[in-house]
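Reader: I have this one open for the first time. Can you walk me through it?

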Amino acid sequence: MDRRQQKTRQAVFDAFATLLEKKSYNHITVQDIIDEANIGRSTFYSHFETKDELLRALCTDIFDHVFSEEISKEKTHDFSKTEKNIKADITHILYHLQEKSRYIRRILSCESGEMFMRYFKEYLTQVFEEELMKQKTDVPMEYLSHHMVCDFAETVRWWMNNDKYTPEDISRFFFSTTPFV
C-alpha cells in the first residue's frame, strides 16, 4: 500500500472512531464516514466494501501489529530483548492495546464491541493455546483455552474503562488470578 492509500485508510479509521463517539455503530452510515473523512464514495469503496468490513479492517490492523511475532523496540516499550514467555507476551500485547485505546474504547462503547471482541478472541486463542499445550492438566484443553481467552478479553474490556492502570499492572492482575502460570 502506498503512502497516499495509507493516509486515506488512516483518515477513514479516524473518521470512524470520531463518529463512534457521537453515534452508535448501527446508526453510522457509509455516507457519514465519507463526509467525516472528507473522501469520495468511490475512494471509500476502493478500500472497504461495507462498514462491517471497515470495522474488521480496523481490528485486523490493530491485531496484526499487536500480535506480531517480530518484536522490536518501540516508542513506548522495548520487549525485543526480553525472554519470550507468556507473561512478557501478554504485557507486550497490553502496550499495543494501550496505544490503540482511542479506537478500542470507542469500538467497545457500542454494539460494535461484540464484533471487536469476537475478532480479538480469535487472535488470543492462538496465543493461549501455544502456552496451554505446555501445561499438564486433566481439564479439557478446549475449556481451558476458552476460559483464558474470555478472561483476558474481559480484562481488556474492563481496563479500557479503567485506564489508570499500566500494562504491567493489568498483566500482574491477570496472572495473579490465572491458575496456569
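**Helix packing and two residues**

Author: Start with helix H5 (residues 86-99) and H7, whose axes come within 11 Å and cross at roughly 160°. This is a predicted model, where local features need pLDDT of at least 70, side-chain atom pairs count only at pLDDT 80 or more, and totals for chains, interfaces and linings use all residues. Residues are numbered from 1 along each chain as its sequence is written, and side-chain values use heavy atoms, with hydrogens and water left out.

Reader: How are H5 and H7 oriented to each other?

Author: H5 and H7 are roughly antiparallel. Angles under 35 degrees count as roughly parallel, over 145 as roughly antiparallel, 65 to 115 as roughly perpendicular and the rest as oblique. Axes are lines fitted to C-alpha atoms, for helices over the stretch in contact, and angles run from 0 to 180 degrees between N-to-C directions.

Reader: Which residues in H5 and H7 meet?

Author: On H5, Ile86, Ile90, Ile93 and Leu97 meet Phe120, Val127, Phe128 and Glu131 of H7. Contact means heavy atoms within 4.5 Å. The contact of H5 with H7 has seven nonpolar, no polar and one charged residues. Here Ala, Val, Leu, Ile, Met, Phe, Trp, Tyr, Cys and Pro count as nonpolar, Asp, Glu, Lys and Arg as charged, and the others, Gly among them, as polar.

Reader: At what angle do H7 and H8 pack?

Author: Helix H7 (residues 112-132) packs with H8 at an angle of about 130°, the axes being 8 Å apart. H7 and H8 are therefore oblique to each other. Residues of H7 in this contact include Phe120, Leu124 and Phe128, and those of H8 include Leu144, Ser145 and Met148. By class, the contact of H7 with H8 has 13 nonpolar, two polar and five charged residues.

Reader: And where do the axes of H8 and H9 cross?

Author: The axes of helix H8 (residues 141-161) and helix H9 (residues 167-176) come within 11 Å, with a crossing of roughly 145°. From H8, Met148, Asp151, Phe152, Thr155, Trp158 and Trp159 meet Pro167, Ile170 and Phe174 of H9. That contact divides into seven nonpolar, one polar and one charged.

Reader: Back to Ser145. Buried or exposed?

Author: Ser145 counts as buried, at 4% relative accessibility. Buried means under 20% relative accessible area, exposed over 50%, and partly exposed in between (1.4 Å probe, protein chains only). Ser145 is found in helix H8, and apart from neighbours within four places in sequence, Ser145 is in contact with Thr125, Glu129 and Leu132.

Reader: What about Asp52, which helix is that in?

Author: Asp52 is in helix H4 (residues 51-66). At 39% relative accessibility, Asp52 counts as partly exposed. Leaving aside neighbours within four places in sequence, Asp52 is in contact with Tyr25 and Met115.

Reader: How far apart are Asp52 and Ser112?

Author: Asp52 and Ser112 are 60 residues apart in sequence and 8.9 Å apart in space, C-alpha to C-alpha.

Reader: Now the whole chain. How many helices and strands?

Author: The chain has nine helices and zero strands. Helices (H or I, at least four residues) and strands (E, at least two) are DSSP runs, numbered from the N terminus.

Reader: And how much of the chain is buried?

Author: Of the 181 residues in the chain, 46% are buried. Among contacts between residues at least 6 apart in sequence, 63% join residues at least 24 apart.
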